[in-house]
Amino acid sequence: APDIPVIDQAYSKLSNSITVEWRAVPGATHYMLTAQDGDSFIETVVKNSPGTVTGLKPATLYRITVRSINSGGKSQPSPFRKVKTVLAAPILSVHSPSCDSIAISWKAVHTAAGFSVSLMRSDGLGRMLKENTTNTSLVFTNLDPGTLYTIKAYAWNANGMPGDDFTYNQRTSPNAPADVRVAFSSGALRAAVSWMPTEGALTYSVTVSSGLLKLRCNTSSASCMVPSLQCSSEYYVSVTAYNDAGSSKPTDAVSLKTIPCAPVNISIEEDGPGHLLVSWSSVSFGHHYVVFVKSDDGLEVHCNTSYTQCHFPSDCGFTYFISVFAYNKAGQSPLGDVFNYTTAPCCPSDFRAVFMSSDTVQVTWAPVRGADLYETRAAGGSGVVLCKDTASACTLSALRCNTPYNITVYSFSEARGSNTSCAPQYVATAPCSPEIKNISKEGLSVVSVQWQANNEEATYVVTARGEAGLWHCTSTGNSCSLTDLPCGSAFSVSAIARSPAGESLPSYSVPLETAPCCPNDLILSQVTQSVTNISWSVGMGAQTYITTLQSPKGQAKCHTLQNYCLLGCITCGTNYTVALRAISETGVTSSCTYQGYSSSACCPSGVKLYRLSTNGIRVFWRASDETINYNADLRGSKGNFSCTPNSGLTHCDITEIPCGDVYTVVVTPVTDKGPKLTFCPKKIYS
């Protein structure tokens with residue numbers, strides 16, 4: 001094992017450790033430091049001197065030894081040294097009671113004889129303050145407001161040995177802001193408060209108080225807007241600065257007087273003819289008043305006074321709009337109630353009466369200033385007709401036709417009474433409306449209209465109106481005739497009366513319907529031996545049609561909405577007369593005649609086939625009429641063949657037909673007009 005080391009010195013700079021220095025031992029690779037406190041000890045292995053033992057208790061006496069170590073083992077402990085650890089650091093509690101002071105307190109430290117506390121600005125400016133004390137609290141004063149300070153404190157023992165130190169950063173509370181200014185916004189009833197920023201302040205609080213009412217505004221800038229102020233009030237404004245250390249003292253209050261409130265209890269009265277007196281109640285903080293009076297023609301006058309009343313000139317028929325404002329150094333009061341005052345209306349002028357019809361007159365006049373209501377009175381006949389309206393026009397209805405009237409207009413004002421209008425005007429109404437009594441047909445396109453003539457010296461005009469156009473007739477009597485009316489048309493017939501006084505209202509309309517037009521084109525075609533198809537062009541005004549085929553052998557008839565019809569039970573080889581009736585929606589009928597129609601000849605019966613040879617065939621039939629010639633057709637895939645016998649014969653032969661085929665044989669009457677009949681029966685021959 002190596003030699004025993006010798007301790008040169010041992011000392012404590014921290015409360016939880018002791019540092020040891022010794023002379024190196026040849027051959028030693030490590031050293032073991034031992035700190036013993038009674039029965040407990042702490043060991044630490046280091047490579048060389050100096051070495052430190054940690055994890056110790058503060059203010060405690062320890063026995064320190066050193067042993068050298070190599071691969072051969074450990075040496076014996078060195079002679080011990082007694083060393084005491086230094087005191088623990090005091091734990092500080094710090095706050096700033098004012099903007100220029102910091103108060104520090106701590107708990108007592110075991111075996112401490114005194115404490116040393118130093119304070120200095122954290123930015124390094126200024127000098128350091130240091131105090132030694134045996135107490136457990138200390139206050140530094142005359143500091144800079146809103147400034148961050150660094151505080152260091154430690155305890156020492158009876159020998160003056162310092163212990164661990166404790167460091168703490170503390171900011172002083174801010175100083176009260178300076179140069180507080182208040183700008184009042186009269187339009188929005190709010191105040192803008194500004195100030196000079198103070199050192200170390202993080203936020204600011206503005207307090208605006210008036211009696212028990214307090215408004216606050218918090219901000220981090222150097223200005224703040226305080227809304228919702230009341231008119232006619234005096235407020236006191238103060239500002240307080242804040243940071244993490246606390247708040248400053250409030251600034252001295254700044255007085256703020258707001259604009260006056262709008263005047264109330266406004267009264268308006270006519271103080272003699274042509275004069276208005278406006279009065280109101282006084283307003284707190286109101287220095288003077290301005291009254292604005294604006295008439296409805298746009299002219300405005302005003303009165304500036306320190307009293308509570310003003311006089312203005314006035315004219316009849318005018319409406320005046322009156323508003324009163326109070327003023328002080330803060331500005332103009334808000335707009336209060338706007339009052340209107342209307343003087344008595346003047347007499348209406350430019351009176352005119354125009355008849356719109358036989359029983360209606362439109363009366364107009366120039367607008368009257370100040371009038372709220374007009375009454376128009378028409379006296380004539382056996383009664384009076386009244387019309388009340390706020391406009392400068394009125395329509396009098398339900399007047400008697402062909403009657404003179406005396407029309408007068410009155411103007412009224414609900415607040416100021418009435419004035420009579422200008423001189424009345426006499427007018428006569430237009431003729432009375434005629435009443436159509438009868439409409440009769442005098443011919444195919446001529447209609448006679450009769451009415452009751454109940455006017456003197458009147459001309460009557462009858463009008464037939466329809467989709468086909470307009471037709472007129474005129475008379476001074478009680479009837480006239482409408483000519484050249486088109487067929488299949490509907491008309492509305494009315495009449496009016498005309499005289500120098502005007503034109504009457506139309507009479508009640510009477511419907512008129514002319515007979516439907518006959519179709520221009522009618523086509524008949526045979527479908528089968530007993531069925532014929534009839535089609536025709538559309539007849540104007542017709543809704544349904546009845547077609548009839550008439551012969552001595554019988555009648556075929558069809559009633560339809562269409563413009564075609566299938567007629568059955570037709571007898572072949574018969575002459576028919578053709579008739580058509582066009583019927584309108586209301587049942588008006590036109591009878592139409594057309595050229596006669598002959599049905600086709602009858603098909604033969606009893607058709608039989610006989611083989612003549614390997615390539616020949618004879619066709620037999622029974623004729624329906626001996627005067628008719630017939631034709632036999634043979635149609636197959638290898639060719640078509642036909643034969644026509646002489647008149648009176650009922651058979652014919654077809655030869656040279658290919659064998660081994662299937663043929664269709666048809667025997668039809670021979671006609672001198674139109675195509676061959678296709679509906680005669682067919683026979684199959686193989």
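Mentor: Start with the rule: a disulfide is a pair of cysteine sulfur atoms within 2.5 Å. The sulfur of Cys569 sits 12 Å from the closest cysteine sulfur, in Cys565, which is too far for a bond. Keep in mind that this is a predicted model, where local features need pLDDT of at least 70, side-chain atom pairs count only at pLDDT 80 or more, and totals for chains, interfaces and linings use all residues. Residues are numbered from 1 along each chain as its sequence is written, and side-chain values use heavy atoms, leaving out hydrogens and water.

Trainee: How many disulfides does the rule give?

Mentor: The count comes to 12 disulfides. Among them, Cys558 pairs with Cys565, S to S 1.7 Å. The torsion about their S-S bond is about 115°, so that link is right-handed.

Trainee: Is Cys569 buried or exposed?

Mentor: Buried means under 20% relative accessible area, exposed over 50%, and partly exposed in between (1.4 Å probe, protein chains only). Cys569, at 70%, counts as exposed. Cys565 is buried at 4%, and Cys558 is buried at 14%.

Trainee: What does the pair Cys401 and Cys432 tie together?

Mentor: Their sulfur atoms are 1.6 Å apart, a disulfide. Strands (E, at least two residues) are DSSP runs, numbered from the N terminus. Cys401 lies in the loop between strand E36 (393–396) and strand E37 (404–413), and Cys432 in the loop between strand E39 (425–428) and strand E40 (435–441), so the pair ties together parts 31 residues apart in sequence. Cys401 is partly exposed at 26%, while Cys432 is buried at 15%.

Terms used: Helices (H or I, at least four residues) and strands (E, at least two) are DSSP runs, numbered from the N terminus.
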